Amino acid sequence: MAVLTFELPDGSTREVDITQVLNAGYAGRSQEDVAAHVAELAELGVPAPSVTPALYPVAPYLAQQTDRVEVQHGRTSGEAEWALVVADDGDVLLTAACDHTDRDLEVHGVAWSKNAGPDVLARRAWRLADVAPRLDDLTLRAWVTHGDKETEIQHGTLAELLTPAYWVDVLRARDALTPGTVLISGTIPMAPDVDQFADAWRVELNDPATGDTIRLTYRVHRMLEPIG
């Protein structure tokens, strides 16, 4: 399994042996907006979920702290998200994440597409309890790079998504709030006029109250064409 290390604001580090990863989907706080999004995706051939919000298990080794993502073709993209990480002592950490998804595979099955690329996590984290009183004020942003040009593609707050407390309750009800669990939040809308099929992704989770920002960046690397 993957072993990830997170640096906390006090300078200490937490090493977490990842045992399960769950990706939330259709997790906007306004389920009316979610229903509209499901309808938009249906027009693109993406199958609708049987329930919303959805929760997709992902192979634990796909939780990575990396600056390079290998892809098989040119129609993959990230999604700016937050992630909950349950540490060995049961403490819950909050960090930035980017769920890199195969968009061609998505039309055949969202769960399949989530398992075709990594969930990239930042190397820093906050204790969830430390930021809990102001979670809705935290901002989530993403930029994509094409060649030498970087463009913002996502910008919102955690108020747009179902809360970490909601997902903690879901995990607890499933007996899944256990050390090594990672839950990825689902994402905020993308700017419709920005090409998501990019050379690189950058994500920031910012706490306006303190000015502290958790960042991750990675480049997308196209693998060789298959032979045979």
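This is a predicted model: local features need pLDDT of at least 70, side-chain atom pairs count only at pLDDT 80 or more; totals for chains, interfaces and linings use all residues.
Contact here means heavy atoms within 4.5 Å, and in that sense Asn-23 touches Ala-54, Leu-55, Tyr-56, Val-58, Asp-99, Lys-114, Asp-119 and Ile-184, leaving aside residues up to four places away in sequence.

- The side chain of Asn-23 makes a polar contact of 3.4 Å with the side chain of Asp-99, and a polar contact of 3.3 Å joins it to the side chain of Asp-119.

- Strand β8 (residues 80-86) is largely enclosed by the rest of the structure, because seven of its seven residues are buried.
- In a regular strand the side chains alternate between the two faces of the sheet.
- In β8 both faces are covered, with Ala-80, Trp-82, Leu-84 and Val-86 buried on one side and Glu-81, Ala-83 and Val-85 buried on the other.
- Strand β9 (residues 92-99) runs antiparallel to β8 and is joined to it by seven bridges, with Val-86 standing opposite Val-92 of β9.
- The two strands β8 and β9 form a hairpin with five residues between them, and Gly-90 in the turn has a positive phi of about 90°.
- Strand β15 (residues 181-184) also pairs with β8, in the antiparallel sense and over three bridges, and within β15 the bridge partner of Val-85 is Val-182.

**Nonpolar cores**
- The largest nonpolar core has 42 residues, and those with the most contacts inside it are Trp-82, Leu-84, Leu-94, Trp-167, Trp-201 and Leu-205.
- A second, separate core of 20 residues includes Leu-4, Phe-6, Leu-93 and Ile-184.
- Trp-167 is buried, because its relative accessible area is 2%, and, with residues up to four places away in sequence not counted, it touches Ala-24, Ala-27, Pro-53, Ala-54, Leu-55, Trp-82, Leu-84, Leu-162, Leu-183 and Ser-185.

**Aromatic side chains**
- A search of the whole structure finds one aromatic pair; the rings of Tyr-166 and Trp-167 have their centres 4.9 Å apart and their planes at 90°, so this pair is edge-to-face.
- Tyr-166 is partly exposed, with a relative accessible area of 33%, whereas Trp-167 is buried.
- Arg-202 places its charged end over the ring of Trp-143, at 3.9 Å from the centre of that ring.

**Strand β6 and its pairing**
- Strand β17 (residues 212-222) pairs with β6 in the parallel sense over four bridges, and the bridge partner of Val-69 in β17 is Val-220.

**A loop residue**
- Val-107 lies in the loop between α2 (103-106) and α3 (110-114), where it is partly exposed with a relative accessible area of 33%.
- The C-alpha atoms of Val-107 and Asp-175 are separated by 31 Å, and these residues are 68 residues apart along the chain.

How values were computed. Residues are numbered from 1 along each chain as its sequence is written. Side-chain values use heavy atoms; hydrogens and water are left out. A polar contact is a pair of N or O atoms within 3.5 Å; within protein, one must be able to donate a hydrogen and the other to accept it, and residues adjacent in sequence count only if both atoms are side-chain atoms. Buried means under 20% relative accessible area, exposed over 50%, partly exposed in between (1.4 Å probe, protein chains only). Two strands pair if DSSP finds at least two bridges between them. A nonpolar core is a set of buried Ala, Val, Leu, Ile, Met, Phe, Trp, Tyr and Cys residues joined through side-chain atoms within 4.5 Å. Rings of Phe, Tyr and Trp (its six-membered ring) pair if their centres lie within 6.5 Å; planes under 30 degrees apart count as stacked, over 60 as edge-to-face and the rest as tilted. A charge sits over a ring if NZ of Lys or CZ of Arg is within 6 Å of the ring centre and within 35 degrees of the ring normal.
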